[in-house]
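Work through the two exercises below with the sequence and the model at hand. Each task is followed by a solution in steps.

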Amino acid sequence: MTLTVFILAGGGSLRMSKDKGLMFGGVNRLRGLLEACGFQRIVILCGGEDRAAMFHGEVWPDPPAIEGVHHLVKWAYSQVSTPCLFLPCDAFLMDVPAIQSLLEKSKEGGVPLDETGRRQPLFAHIPGGFEFPRGATSVGHLLQALPSIEMGAFASAFTNFNSVEDLHGHRQKLL
């Protein structure tokens, strides 16, 4: 399947006090996992122009009118002619089998559930021809029409980390 993968790496990670795009191997580790899965087009959405030099490969700064990650997801999707997979740069627990499982379970697209059963739209697989709702105010709302995907044994890979406290519960997995 031809797919464009977007890694979301645009934030300064103020609550984490470090740039999440560089933590635990960051974007480079995710790129390696995606390449191991056979993906050929991996695009880093880096945020501002000033962040573009932090990453290598195909790196896109956000266009000027973007006002939130939901606008960024919609814009990025509109720039390609393939289905898309999105991964946040703080997918610190992601591995090749989890990516493969998501794609196998979401052939028509979907949003994975994490280990608490919450939808994680920043890990969405968006199929070709997807119609976004008008007036969406969040990524969750933007992708609400996509089915939830139960990830079973891989659910913890779909955890994202917003603060240092979030790291503590997964310390063993991160070492």
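Buried means under 20% relative accessible area, exposed over 50%, and partly exposed in between (1.4 Å probe, protein chains only). The model is predicted: local features need pLDDT of at least 70, side-chain atom pairs count only at pLDDT 80 or more, and totals for chains, interfaces and linings use all residues. Residues are numbered from 1 along each chain as its sequence is written, and side-chain values use heavy atoms, with hydrogens and water left out.

**Exercise 1.** Determine whether Gly-110 is buried or exposed, and find which residues Gly-110 touches.

Step 1. Gly-110 counts as buried because its relative accessibility is 0%.

Step 2. The loop that holds Gly-110 runs between helix H3 (96-105) and strand E5 (111-112). Helices (H or I, at least four residues) and strands (E, at least two) are DSSP runs, numbered from the N terminus.

Step 3. Contact means heavy atoms within 4.5 Å. Leaving aside residues up to four places away in sequence, Gly-110 touches Ala-124, His-125, Leu-146, Pro-147 and Ile-149.

Step 4. Between the C-alpha atoms of Gly-110 and Ile-126 there are 6.6 Å, at a separation of 16 residues in sequence.

**Exercise 2.** Describe how strand E1 is covered and which way its residues point.

Step 1. Five of the five residues in E1 (residues 4-8) are buried.

Step 2. Thr-4, Phe-6 and Leu-8 point one way, Val-5 and Ile-7 the other. In a regular strand the side chains alternate between the two faces of the sheet.

Step 3. Two strands pair if DSSP finds at least two bridges between them. E1 runs parallel to E2 (residues 41-47), joined by five bridges, with Val-43 as the bridge partner of Phe-6.

Step 4. Five bridges also join E1 to the parallel strand E4 (residues 84-88), where Leu-85 is the bridge partner of Val-5.
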